[in-house]
Amino acid sequence: MQDLTKVVDLITKSNWLLLVVLAMVAVMTTSMSFYLGVLAGGLIVAVNFHLLKRTIKNSIRPEVVSEKGRSLVGHVMVKYYIRFAVSSILIFLLISNHIVHPLGLLAGLSVVVASVFIVTLLVVTRLYFKEAV
Amino acid sequence: MEFLVGSVWAAGLAIGIAAFGCGIGQGLGLNGAMSGISRNPEAAGKIQVNMLIGLALIESLCIYALVVSLILMYAHPALEAATAALGAH
């Protein structure tokens with residue numbers, strides 16, 4: 001349990017770290033609109049992940065689940081759709097007004113996925129080497 | 001003109017199908033998590049963490065589809081070429 005909580009904390013930290021690294025690389029090597037895309041996309045998904053974590057930690061607890069049961073599924077889904085609608089409006093404004101480069105935005109939006117993969121690789125590698133020793 | 005109509009159709013279908021699939025996937029995942037926690041409340045922490053990662057990945061799929069559909073409508077890479085071709089005719 002402790003290890004799994006650490007994994008989530010590690011993913012949260014690596015989200016921000018990866019966002020900073022990507023933004024720095026983008027600002028040094030690409031255009032301003034690409035950099036803004038990376039920054040905006042990364043911020044959107046990092047904040048989304050943070051809110052999702054808070055929703056799940058507050059809603060999905062054994063005492064609440066046994067009390068409310070299946071209505072919690074709807075509760076979490078409603079919050080998901082609200083988050084998704086807000087993200088959609090932001091992304092729509094960014095793309096339709098040509099404020100950001102679409103590929104930069106896609107790169108920024110991949111921050112959470114990339115950090116999940118990186119953390120998974122780290123955990124698996126650590127597990128593999130621990131068993132080998 | 002057909003090019004633009006096709007783009008809008010593709011964008012609508014892309015986000016519609018993606019949201020439909022992601023909604024079903026998230027609902028199934030949550031349903032399974034609820035059942036698991038109800039049966040074994042001690043495993044709530046482990047289930048929470050795995051579900052969080054799964055839901056984040058599913059959500060990002062839907063956001064990708066949204067971006068692709070918005071690109072198709074507002075920042076299509078072949079739009080200038082298509083407009084030029086229309087102008088030539």
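The predictor's confidence in each residue is expressed as pLDDT, on a scale from 0 to 100. The complex described here is a predicted model, in which local features need pLDDT of at least 70 and side-chain atom pairs count only at pLDDT 80 or more, whereas totals for chains, interfaces and linings use all residues. Residues are numbered from 1 along each chain as its sequence is written, and chains are lettered from A and ligands numbered from 1 in the order in which they are written.

In chain B, confidence is highest in α1(B), at 88, and lowest in helix α3 (residues 79-88) of chain B, with a mean of 73. Helices (H or I, at least four residues) and strands (E, at least two) are taken here as DSSP runs, numbered from the N terminus. Chain B as a whole has a mean pLDDT of 84, with 98% of its residues at 70 or more. For chain A the mean pLDDT is 84, and 86% of the residues reach 70 or more. Within chain A, the highest confidence belongs to α5(A), at 90, and the lowest to helix α3 (residues 62-68) of chain A, at a mean of 66. Where pLDDT is low, the predicted coordinates should not be read in detail. For the complex, the predictor gives an ipTM of 0.71 and a pTM of 0.79.

Chain A contains 6 helices and 0 strands, and its pattern along the sequence reads α-α-α-α-α-α. A residue is termed buried if 20 or more other C-beta atoms lie within 10 Å of its own, exposed if 12 or fewer, and partly exposed in between, with C-beta atoms placed from the backbone. By this criterion, 33% of the 133 residues in chain A are buried. Two residues are in contact if their C-beta atoms, placed from the backbone, lie within 7 Å. Among contacts in chain A between residues at least 6 apart in sequence, 76% join residues at least 24 apart.

Leu17(A) belongs to helix α1 (residues 2-29) of chain A and counts as partly exposed, with 13 C-beta neighbours inside 10 Å. Its C-alpha atom is separated by 29 Å from that of Arg61(A), 44 residues apart along the chain. Ile89(A) is placed in helix α4 of chain A and is exposed, having 10 other C-beta atoms within 10 Å. Between Ile89(A) and Asp9(A), 80 residues apart in sequence, the C-alpha to C-alpha separation is 28 Å. His98(A), in the loop between α4 (71-96) and α5 of chain A, has a positive phi of about 55 degrees although it is not a glycine. His98(A) is exposed, with 11 other C-beta atoms within 10 Å.

Helix α5(A) is largely enclosed by the rest of the structure, because 6 of its 8 residues are buried. The buried residues of α5(A) are Pro102(A), Gly104(A), Leu105(A), Ala107(A), Gly108(A) and Leu109(A).

In chain B, α1(B) comprises 38 residues and reaches 55 Å from its first C-alpha to its last, close to the 56 Å expected at 1.5 Å a residue; the expected span is 1.5 Å times one less than the number of residues. Its buried residues are Ala11(B), Ile15(B), Cys22(B), Gln26(B), Leu30(B), Ala33(B), Met34(B) and Ile37(B). The axes of α1(B) and α2(B) come within 8 Å and cross at roughly 175 degrees, which makes α1(B) roughly antiparallel to α2(B). Axes are lines fitted to C-alpha atoms, for helices over the stretch in contact, and angles run from 0 to 180 degrees between N-to-C directions. Angles under 35 degrees count as roughly parallel, over 145 as roughly antiparallel, 65 to 115 as roughly perpendicular and the rest as oblique. The residues of the contact of α1(B) with α2(B) comprise 22 nonpolar, 7 polar and 1 charged. In this classification, Ala, Val, Leu, Ile, Met, Phe, Trp, Tyr, Cys and Pro are nonpolar, Asp, Glu, Lys and Arg are charged, and the others, Gly among them, are polar.

The contact between the chains draws 39 residues from chain A and 31 residues from chain B. On the side of chain B that touches chain A, the elements giving two or more residues are α1 (2-39) and α2 (44-74) of chain B. Of these, α2(B) gives the most, with 21 residues. This side of chain B divides into 22 nonpolar, 7 polar and 2 charged residues.

The residues involved in the contact of α5(A) with α2(B) are 8 nonpolar, 1 polar and no charged.
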